[in-house]
Amino acid sequence: MEESEGIGSVENGSSSEGRPPNPLTTAYRKCLNNERVVVPCKKSLVRHASLVRMTALDVSVEPVLGVENNEMEFIPVIRSGAWSDIGIRTTMEDVFLCVDNFVRDGLNSLTDGPSAFYGVFDGHGGKHAADFACYNLPRFIIEDEEFPQDIERVVSSAFLQTDASFAEACSLDVALASGTTALAAIVLGRLLVVANAGDCRAVLCRRGKAVEMSRDHKPMCSKEKRRIEASGGYVYDGYLNGQLNVARALGDWHVEGMKSTDGGPLSAEPELMKTKLTEEDEFLIIACDGIWDVFRSQNAVDFARRRLQEHNDPAMCSKDLVDEALKRKSGDNLAVVVVCFQSQPPPNLIAPRSRVQRSFSAEGLRELQSFLDSLGN
């Protein structure tokens, strides 16, 4: 259900059936001239005054050993699909976005290979924040005059700009008050950058092995708990200020004690991880916490890998993951995006057979000889 005409597709309904509208097309085209070259619009926002001042995490996931020579030759072939379901909830607050051609031909002179954007936004207290982030986060990225050269700074800035803009929107319309976690994955040539604020998760399949490209921001995590307490907040029964079960999110400006012009315990600043894709990298799964409540990272990779070997369709694979999560009794909304980096399905992995050496002890040999002698009598 994931690919519609134009630049991208977005799921905003409460059902996983039908093709969604493509409201982002117009917004993106405003940033592209007739030659499809990115038009610089704004400078990066380093830190917003209303957020906790801290250094964004930048973790480099090194490629596997033995593929350095192939890395320079490998160019990903991008194919993506997504699926969502309301689950057992009464409302649907998850939103996803798939943009296989983020800036079309505008990057050709800057990098070889594809340029793509994928996002999952898990709303809480309403869907307005998730919708707002889905529409505006990609826009802030592509409008930045430093995109794509300083991609990590640009993405971090876009998260903060989105959060600040939503605060302004809520000040004009209190009915918008809500919050959302946000995870964005950007592919620029061979570079994969994942930015996360909340408990959505991105997992890369590298030759069958799950490589986590994000960290769940739960209040009980030691790093998050220290940051929360240093910002004047507290963790009670696993909840931030006894109210939210995430330590980072966009929105939630209406919740007392979470955010203010002087900062607060709830941060919208993302953590970033990046890696250079090689021919060992098969696909990426990004999903809301409703999936990870019933799947471990390696379990999800194993499941998705088998499905892709069967039908090689990322959209069907996304639906398979959602359906399996429902069978496993996930109690949340469900949204999954699967991004394949190869045109062929994942290959069968043949594990090397270890050589087993067997030997007999002297006592064992004597017992065997005694047994054989008894047979001859």
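Which helices and which strand each supply at least two residues of the lining of the largest cavity? Helix 3 (128–143), helix 4 (151–172) and strand 12 (250–251) do. Helices (H or I, at least four residues) and strands (E, at least two) are DSSP runs, numbered from the N terminus.

## What you're looking at

This is a predicted model, where local features need pLDDT of at least 70 and side-chain atom pairs count only at pLDDT 80 or more, while totals for chains, interfaces and linings use all residues. Residues are numbered from 1 along each chain as its sequence is written, and side-chain values use heavy atoms, with hydrogens and water left out.

The chain has nine helices and 15 strands. Of its 377 residues, 54% count as buried (under 20% relative accessible area; exposed is over 50%, partly exposed in between, with a 1.4 Å probe and protein chains only). Look at contacts (heavy atoms within 4.5 Å) with a separation of 6 or more, and 69% of them are between residues 24 or more positions apart.

## The cavity and the pocket

Rolling a probe the size of a water molecule over the atoms shows where empty space is left. On a 1 Å grid over the protein atoms alone, a cavity is a set of points where a 1.4 Å probe fits but cannot get out, and a pocket is an open set with protein on both sides within 12 Å along at least five of seven lines; lining residues have an atom within 4 Å of a point. Grid points are joined across faces, edges and corners, and a volume is the space filled by probe spheres set on the points.

The whole structure has one cavity of 30 Å³ or more. Its lining includes Phe132, Asp163 and Leu250, and splits into five nonpolar, three polar and one charged residues. (Ala, Val, Leu, Ile, Met, Phe, Trp, Tyr, Cys and Pro count as nonpolar, Asp, Glu, Lys and Arg as charged, and the others, Gly among them, as polar.)

As for the largest pocket, the volume is about 200 Å³. Fourteen residues line this pocket, and Asp122, Gly123, His124, Asn245 and Asp332 are the closest to its centre. Strand 5 gives the largest share of the lining, three residues. By class, the pocket lining has two nonpolar, five polar and seven charged residues.

## The nonpolar cores

A nonpolar core is a set of buried Ala, Val, Leu, Ile, Met, Phe, Trp, Tyr and Cys residues joined through side-chain atoms within 4.5 Å. The largest one has 32 residues, and Phe117, Ile141, Phe147 and Phe159 have the most contacts inside it. Helix 3 brings the largest share of this core, seven residues. Another core, of 27 residues, lies apart from it, with Tyr118 and Val339 among its members.

Leaving aside neighbours within four places in sequence, Ile141 is in contact with residues including Phe102, Phe117 and Ile186.

Why does Val187 count as buried? Because its relative accessibility is 1%. Val187 and Pro76 are 111 residues apart in sequence, yet 9.1 Å apart in space, C-alpha to C-alpha.

A cis peptide bond joins Phe147 and Pro148, with omega about 5 degrees.

Two residues have a positive phi without being glycine: Arg207, at about 50 degrees, and Asp252, near 65 degrees. Arg207 is partly exposed, with a relative accessible area of 43%, whereas Asp252 is buried, at 2%.
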